[in-house]
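Student: I would like to learn how to read a multi-chain model, one feature at a time. Could we go through one together?

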Amino acid sequence: MREKATYALGILGAIVMIWNLHHIFTQMAPESAQGMAGWILFIHVPADFMGDILYTVALVTSILFLVKKDFTYDSISVACIEVGTMFILVNLVTGSIWGKNQWGIWWTWDLRLTTQLMKFLLYLGYLVVRPAIAEATQRATMSAFIAIFAYADVPLVMMAIRLPNVRTQHPSPVIETGGINDVAVPFVVGIIAQLLMALALMLVRLHQENTRREIDSLRRELHAL
Amino acid sequence: MLAVAADRVWKYFGDYPALRGASLEVHKGACVALLGRNGAGKTTLLRILANLSRPTKGEIRASVGKSGIGYLGHGIGVYDDLSATENLILFGELMGVADPKKSAAEALERVGLGRVKDGLAREFSRGMRQRLAVARAFLHKPEILLLDEPFTSLDDRAIAVLQSLLKDALASGATIVMSTHQIREAMELATDVALLERGKVVFAGPRAGEMLSDPTWLYRTYGEPA
Amino acid sequence: MKSGLATALTIARKDLRTELRTKESINAAASFALVILVIFSFAFNLERDEFYAISGGLLWLVYSFAGALIVNRAFSRELPNDCLDVLIASPAPGWAIFLGKAVAAFLLLLLVEAISLPVFGLFYNIRWTESLGWLVLIILLATWGMTIVGSAFSAVIVNVRLRELMLPVLLYPILIPLLIAAMGGTTALFQGEPLTGENFGYIRQLIGFDAVYTALALYMIEFILVF
């Protein structure tokens, strides 16, 4: 049942994404799509959105774990953060590619890119430390703590890089469009596609986390015999 | 009157239950020898009683707060870079002792470390470190003593000191819960015995004659086959 | 029964006494700071005036690297002999244990920073005695931020494998907003600008960071110590 749901969501998400790309290339006026390279924005922007949503969900489930001590919340937290970090990475890479196409440089330390890189680094700490904690309750507790500290840092980062002489503004994408409807549809559809894929990935990760805990406890039980 | 009690305590480490509904009632003035094989959950139960760990399910009831509990775990719990006196004064202050300096000096005399009171703990021999640990655990004259395998790897002088302190504590009305593999030394002092098997207390009762004469009797009668 | 703050002070005194007796982490941190100061002299070949533009950045790189060494010890010093267990089993509240350690780490790091600052001024010909008041304010605020977050993570990873490697990965991203403000403010000061008007934003950022993370750390430390 769970496997079927996972496959269904994944395939559905892939279909929606392919449909979206097809729509972008065939239906939209080239200006709306920023020339042929602009299509990547329809992956880049939703990915940022998905990353932020997943990090926020992880914050809530981390707090819930600390309060209720239910491991389901911990499993959801790690799944959200892993998948969310993947989306932020997609956001960074697609943003870099788009930037190279538009302005000729792979990277620039502007506000947006810096913020995104910061989010990636903050949660990278979570991902690196978590496997190093052997015992499950400790691992979940420490992870929740790190997730909360990381989330609190994001607004502080956004304020800090706006201090004098720190960073320059992200060149705002000037999107010449035939109308707001033209661009809105691919963005929303892009979000839906990524949401479906995110859910599929999370189901996989959740199952993996629960299985791992079960194996650990069986192993410990075996040793005690 | 109950000094400390565990009421159907479960403790999970991840999905593994180290304690599965362990219940134990310890009356004031008793000395309980907590027996059980390795992995049975003795250390886990003692840590929960000592407020080092929270039970996943179930309750702990204690007649005194943290300042009335003395804990001696596997580590000696003293700082290598402080002197014996500095260590005991520090822990005296933390445990709310009225006159830490005086209590520290008395405790050091009691365990036979009076002459080296200004020596750093790192310079002590193993036996001396163990006696310092014992001094720390008994410093604040706790009403409840929780000791995790206290006799393990003690030298003879340390064993004598510990047994003497335990007897004195019992005489002044303290309650002791002591996990041990050294059944003989423990049985001498014990008034009650409890056997922990796979996270459950399978036997709890007064120390009987058979236990004293044949230390493995309890395991054979109530425990699982080896 | 002592009050929480009195207990925190007792713990702080204990940490300071043991550290000053062995001087292990102070020596390591101060030596490391010195080495970095030297290595950085080879990193750039700048004119003296150009150098002022990166002066604040360099100083806080040095301070944050030294800081990680100091702060790592805050809880790892409790591991030998299981002393952490005894502290937690005592009536001392978790926040008081944590606060005492953070204060001790703060003072030790300030000591290392105070030693490094004149060396920095010497090697790089930076006049740091002007606007000393503002500089001290930045140093105090930023050092507190580093130690409070660092001590919290020191407690988090105290039982983790490869502790010394994990702490930088966790700590530095979180500190970036603090370091940005400290670096910017210090560079402004070294270039002769006062920290008023627009530049006061650096101080505001530091205060905001300190407030958020001091509150979070003190509130959440109980979850980390007993579970």
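Tutor: Gladly. Let us start with what counts as a contact: two residues are in contact if their C-beta atoms, placed from the backbone, lie within 7 Å. Keep in mind that this is a predicted model.

Student: With that in hand, how many residues of chain A are in contact with chain C?

Tutor: On the chain A side there are 28, and they meet 29 residues of chain C. Two helices of chain A, α4 (111–129) and α5, each supply at least two residues of this side. The largest share, 14 residues, comes from α5(A).

Student: What is the make-up of that side by class?

Tutor: The side of chain A that touches chain C has 22 nonpolar, five polar and one charged residues.

Student: And how many residues of chain A are in contact with chain B?

Tutor: Here 11 residues of chain A are in contact with seven residues of chain B. Both α5 (136–160) and α6 (180–224) of chain A supply at least two residues each, and α6(A) gives the most, with eight. By class, this side of chain A divides into two nonpolar, three polar and six charged residues.

Student: What should I expect when I look for a core?

Tutor: In soluble globular proteins, nonpolar side chains tend to be buried together. In this model, the largest nonpolar core has 209 residues. Those with the most contacts inside this core are Ile146(A), Val32(B), Ala135(B), Leu146(B), Ile176(B) and Val149(C).

Student: Which helix gives the most to this core?

Tutor: That is helix α7 (residues 163–190) of chain C, with 16 residues. From chain B, the core draws at least three residues from each of domain 1 and domain 2.

Student: You mentioned domains. Where do they run in chain B?

Tutor: Domain 1 covers 1–64 + 144–155 + 164–226, while domain 2 covers 79–142. Taken over C-alpha atoms, the centres of the two domains of chain B are separated by 26 Å. Their contact takes seven residues from domain 1 and six residues from domain 2. On the domain 1 side, β6 (144–148) and α5 (156–171) of chain B are the elements that give two or more residues. That side divides into six nonpolar, no polar and one charged residues.

Student: Now for backbone angles. Which non-glycine residues deserve a look?

Tutor: One is Arg198(B), which has a positive phi of about 50 degrees although it is not a glycine. Arg198(B) lies in the loop between β8 (192–197) and β9 (200–206) of chain B. Another is Ser131(C), with a positive phi near 50 degrees, in the loop between α5 (94–124) and α6 (132–156) of chain C.

Student: Are Arg198(B) and Ser131(C) buried or partly exposed?

Tutor: The cut-off for buried is 20 or more other C-beta atoms within 10 Å. Arg198(B) has 20, so Arg198(B) is buried. Ser131(C) has 19, so Ser131(C) is partly exposed.

Student: Finally, how should I read the confidence?

Tutor: Where pLDDT is low, the predicted coordinates should not be read in detail. Chain C averages a pLDDT of 93, and 99% of the residues score at least 70. For the complex, the predictor gives an ipTM of 0.91 and a pTM of 0.90.

Note on methods. Residues are numbered from 1 along each chain as its sequence is written. Chains are lettered from A and ligands numbered from 1 in the order in which they are written. This is a predicted model: local features need pLDDT of at least 70, side-chain atom pairs count only at pLDDT 80 or more; totals for chains, interfaces and linings use all residues. Helices (H or I, at least four residues) and strands (E, at least two) are DSSP runs, numbered from the N terminus. Ala, Val, Leu, Ile, Met, Phe, Trp, Tyr, Cys and Pro count as nonpolar, Asp, Glu, Lys and Arg as charged, and the others, Gly among them, as polar. A nonpolar core is a set of buried Ala, Val, Leu, Ile, Met, Phe, Trp, Tyr and Cys residues joined through C-beta atoms within 7 Å. A residue is buried if 20 or more other C-beta atoms lie within 10 Å of its own, exposed if 12 or fewer, and partly exposed in between; C-beta atoms are placed from the backbone. Domain bounds come from an automatic or database domain assignment. pLDDT is the predictor's confidence in each residue, from 0 to 100.
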